[in-house]
Amino acid sequence: MATPQTGIFALGTMSHGWLELDARPDVDPRALVGLVAGLREPRTTIGGVNLVAGFRPELWAAVAPGDSPPGLRGFDAPVAGPDGYTLPATQHDVVVWIAGGAYDVVFDASRGVVSTAAPLATLAHEMVGWPYHRDLDLTGFVDGTENPTIVSATSEAVIAEGSGAGGSVLLLQQWEHDAMAWERLPIAEQGLVMGRSRINGAELDPLPATSHVARTNQDTFGKIFRRNIPWGRLTRHGTIFVGFSRDRERLDAMLGSMVGRDGERDALTRYARAIGGAYYFVPSSEALGAFAGGAGD
Ligand code: HEM
């Protein structure tokens, strides 16, 4: 059975680097995938990092047509709601996610990735993620409460069989928060926006239809596995949304719901705006490993 890249499920890492790269003109996609497959993370027992690699779905399909989810496409068009609120599309060719215990090792590994990739690809976008009071996002709410357990996460987030088995569809979005507007809201109203109590985290009953939890309800759309993390500094900051799923449809449906395609726009989008978004296919370890050293299927 094909195994997912293990870093997807490696919880508890305190420092994250997200690198999105674009292929240089006329680069052979096979050579690029081979280069990424050959990246080696430092794997000492304590100071090592996890490395997860993904590809623009069309790029991966071009090199591994027999190992790609049929019809999977990149984030090639913005997602717009009826009132014009829009989630932008900023697709790149390759993503490398490096996560470790502290930023020094992530920084070193990130520099290594960018310099190794330099002959074939350039760094197009970089995000550095850091935890806020352990597991809060920058709205002050615990993020990930309704994540599937680590046991069921593999079946929800990983393709079980067929073309692309062991792989996962990643939605990576950068959201910028309007901290001033958010912090002007009384705590109880913040709860109505999120759909959970800010005091004890409990889901509200009744759940406001416009709340974030209602707009992304996994009982409606299907389960995903989130690894969100805060980014930024005082002047600009927010959430790196990191969602893994066994198909793109449930992620697409959640985005459509958030922008109000069925009438109600997610109240959270009044306090946060997406400034980038891309879909990547994160192949199984075996599928990726087949390209290391210039091999491939
Ligand atoms: C600024 C961006 C975002 C922030 C700060 C944020 C924060 C949160 C928080 C605090 C919760 C409640 C606790 C939990 O279950 O994790 C939540 C739930 C959730 N969010 Fe987000 N989120 C953001 C964007 C998104 C996006 C873009 C998606 C989907 C594409 C999404 C999908 C979900 C799902 C599936 C749930 C659980 C819903 C359920 O209870 O079934 N979120 N989010």
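Before anything else, I noted the rule for pairing: two strands pair if DSSP finds at least two bridges between them. Helices (H or I, at least four residues) and strands (E, at least two) are DSSP runs, numbered from the N terminus.

I also wrote down that this is a predicted model, where local features need pLDDT of at least 70, side-chain atom pairs count only at pLDDT 80 or more, and totals for chains, interfaces and linings use all residues. Residues are numbered from 1 along each chain as its sequence is written.

**Strand β10**

I looked up β9 (residues 229–232) and found it paired antiparallel with β10 over four bridges. There, I229 has I240 of β10 as its bridge partner. Four residues make the hairpin link from β9 to β10.

I checked β8 (residues 225–226) next: it pairs with β10 over two bridges, also antiparallel. F225 sits opposite F244 of β10.

Then I turned to β7, which runs antiparallel to β10 with eight bridges joining them. L172 has V242 in β10 as its bridge partner.

**Ligand**

The ligand has 25 residues around it, and the closest are F141, E146, W175, T216 and Q218. β10 (237–245) turns up again here: β7 (168–177), α7 (212–215), β10 and α9 (248–258) each give the shell at least two residues.

Methods:
Near = placed C-beta within 6 Å.
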